[in-house]
Amino acid sequence: MGGYGDVQLLRDDGLRLDGRKVDEMREVKVEAGVLPAADGSAWVKHGLNVAVCAVYGPMEAHPRKIQRQDRAVIDVRYNMAPFSTSDRIRPGFNRRSREISKVTAEALESVVLVERYPRSKIRVEIEILAAEAGTRCVGITAAAVALADAGIPMRDLIVGVASGKIEDTVVLDLDKAEDNYGQADLPMGILPTTGEIAFLQMDGDLSVEEYNTCMEYNMKAAKEIHELMVDALKRRYVEKNGGEA
Amino acid sequence: MSGATKGAELRLVTPGEAIGASSGVRAGTGTLIVGDNIIATKVGWVNNKNGVTSVDPIHSAYMPRSGDLVIGVIESVRNNLWFADVNGPFNGLLPMSLAPWKVEFGAARQQMDIGDIMLARVQEVDEAHNIVLTMKGVGLRRLKEGIMSEISMNHISRLRGDGDSTLRQLKEVSDCRIIVAENGRVWVDGDSDGISFMRTVLELVRNDGHMATFNASLEALIEERRNA
C-alpha cells in the first residue's frame with residue numbers, strides 16, 4: 001500500500017502520535033492586517049506551520065507581456081524562509097516553490113473577480129516562516145484573508161485544507177510524520193460557502209471510499225477554518241471601530 | 001463607515017457572505033448576485049438605500065472616475081506628454097493639449113519634471129483603465145509649495161465632514177490652504193505651525209479614522225488649537 005510500513009503512525013488506542021483523533025485538525029489561528037506597509041496582509045498559524053501573506057495592488061502589470069486585456073493577473077510568490085525547517089533551505093525560488101506559486105495563483109484566480117481590473121496585476125507574497133507539512137494549504141488560507149483585507153473583490157474566501165491516509169486509515173490534516181511516512185495526501189482549496197473546489201492535488205493512492213471520506217473531512221475542516229478567517233477579518237475592524245459594530 | 005449607515009443597524013460582512021435575497025432589490029457596489037442571494041465581495045458595512053443593496057468597503061484601492069480631482073506625482077515625461085502616479089492601478093496620462101502651458105515639442109520637462117506634484121482632474125477613463133488627466137480648469141496647477149500626505153480612501157469623507165464642515169474648520173484653525181483630492185492625497189500649504197498642526201490631524205485620520213471616537217478626538221484637537 002505504499003508509505004513506510006515500519007513506521008507506526010497510529011497509537012494502539014486509535015489516536016494519532018500527537019494525540020489527535022483521525023478527524024481532528026491541528027489548532028488554527030488567524031490574524032488580519034499584520035503588515036502596515038502592505039495593502040492587505042494576514043498571519044496564519046496552523047499547528048506548527050506559520051505563514052505570513054502580503055497583498056499589493058491592483059497595479060499596472062509589468063512586464064507588459066504578462067498583461068491580459070480583459071482581466072487582472074495574480075502574481076503569487078510562495079517562499080519558505082531558510083529557517084522554516086530543521087534543515088536549512090537554500091534561499092530563493094526552487095522547483096517546488098515555483099509549482100506551489102503557480103497552483104496557488106490558479107486557485108486564487110477562481111475566487112478573485114479578476115475581470116474587474118483589466119491589464120492589472122495583484123501581487124501576493126506568501127512567506128512560510130515555520131513549516132510542518134501542509135504549507136501550501138496554510139499559504140492559500142493566508143492569501144485569501146490578505147486579499148480580503150486589501151479590499152480586492154472576491155466571490156468567496158478560499159480555504160486550504162488537507163487530509164490523507166496513514167496505516168490504511170483516512171485522517172484529517174497530516175502533520176510532518178504523517179506526511180513523510182503516510183500513504184496519501186489530498187490538499188484542497190475549498191470555497192466554504194458553496195462547497196466548490198478551486199484547487200486539488202493528490203499524492204499517493206486512495207480508493208473511492210477513502211477519497212470520499214477525505215472530501216468529507218476537508219469540507220468539515222474548511223467550514224471551521226472559514227469561521228476563524230471571518231472572525232479575524234471582522235475582529236480587526238470591530239476593534240478599530242471601538243466595538244461599535 | 002459612511003454616513004449612510006449612521007443610525008441604522010451596522011452589519012459587517014466578508015466576501016462570500018449572503019446579505020439577503022436578491023428579489024426586489026438591486027445589487028450595488030461590493031455585491032454580486034449568486035442564485036437567489038446577494039453576496040458581499042468585499043469586507044465592509046452593508047448599506048441598503050433606495051432599493052439598492054451595496055457594501056461600503058472598509059479598505060479599497062482608488063479607482064479613478066471621470067471628473068475626480070486628483071493629486072498626481074509625475075513619474076515619467078515624454079516629448080509631448082506626462083505620466084503621473086495618481087495612487088491608482090495605472091498611471092494617468094496628461095497630454096500637452098490638456099496642459100495649461102504652451103511648450104515646444106520636446107520641452108515638456110521645463111514645465112514639469114519627474115517627482116513634481118500637480119493638481120489635475122480625471123478627464124476620461126476607458127474600459128481598459130486608461131486614464132487621461134487634464135490641467136485645464138479653475139485652480140488646476142502644479143503644486144510648488146506645501147506638503148503632500150496620503151490617507152486611506154475610506155477616510156476622505158471623515159476628514160471632509162458633512163458638507164465639508166470639518167474641512168472648513170480645519171482651514172480656519174490651521175490658517176492653511178488644504179486640498180483633499182479624491183485619490184486619498186491631501187495637500188497642505190501655510191506657515192510651519194499650521195502645517196505641523198495639520199500633520200497631527202492627518203496622523204489622527206490615518207490611525208483612528210475607523211474609530212467611533214474619531215470625531216470627538218478631532219474636535220478636541222481643533223478646540224485645543226483654538227485656545228492656544
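Two strands count as paired if DSSP finds at least two bridges between them. Helices (H or I, at least four residues) and strands (E, at least two) are DSSP runs, numbered from the N terminus. We're working on a predicted model, where local features need pLDDT of at least 70, side-chain atom pairs count only at pLDDT 80 or more, and totals for chains, interfaces and linings use all residues. Residues are numbered from 1 along each chain as its sequence is written, with chains lettered from A and ligands numbered from 1 in the order in which they are written.

**Exercise 1. Work out the strand order of the three-stranded open sheet in chain B.**

Step 1: β4(B) and β5(B) (residues 37–40) run antiparallel, joined by four bridges. One spot to check is Ile33(B), which sits opposite Ile38(B) in β5(B).

Step 2: Look for strands that pair on one side only; these edges are β2 (18–21) and β4 (31–34) of chain B.

Step 3: That gives the order β2-β5-β4, with antiparallel pairing. From one strand to the next, the twist averages 30°. Axes here are lines fitted to C-alpha atoms, for helices over the stretch in contact, and angles run from 0 to 180 degrees between N-to-C directions.

**Exercise 2. Describe the five-stranded open sheet of chain A and the helices across it.**

Step 1: The order is β1-β2-β3-β5-β4, and the pairing is mixed. At the edges you'll find β1 (28–32) and β4 (73–80) of chain A.

Step 2: Eight bridges link β4(A) to β5(A) (residues 120–130) in the parallel sense, and Val76(A) faces Val124(A) across that pair.

Step 3: Now the helices. α1(A) (residues 95–109) lies across β4 and β5 of chain A, at about 140° to β4(A). α2(A) (residues 135–149) lies across β1, β2, β3, β4 and β5 of chain A, at about 45° to β3(A).

Terms used: Contact = placed C-beta atoms within 7 Å.
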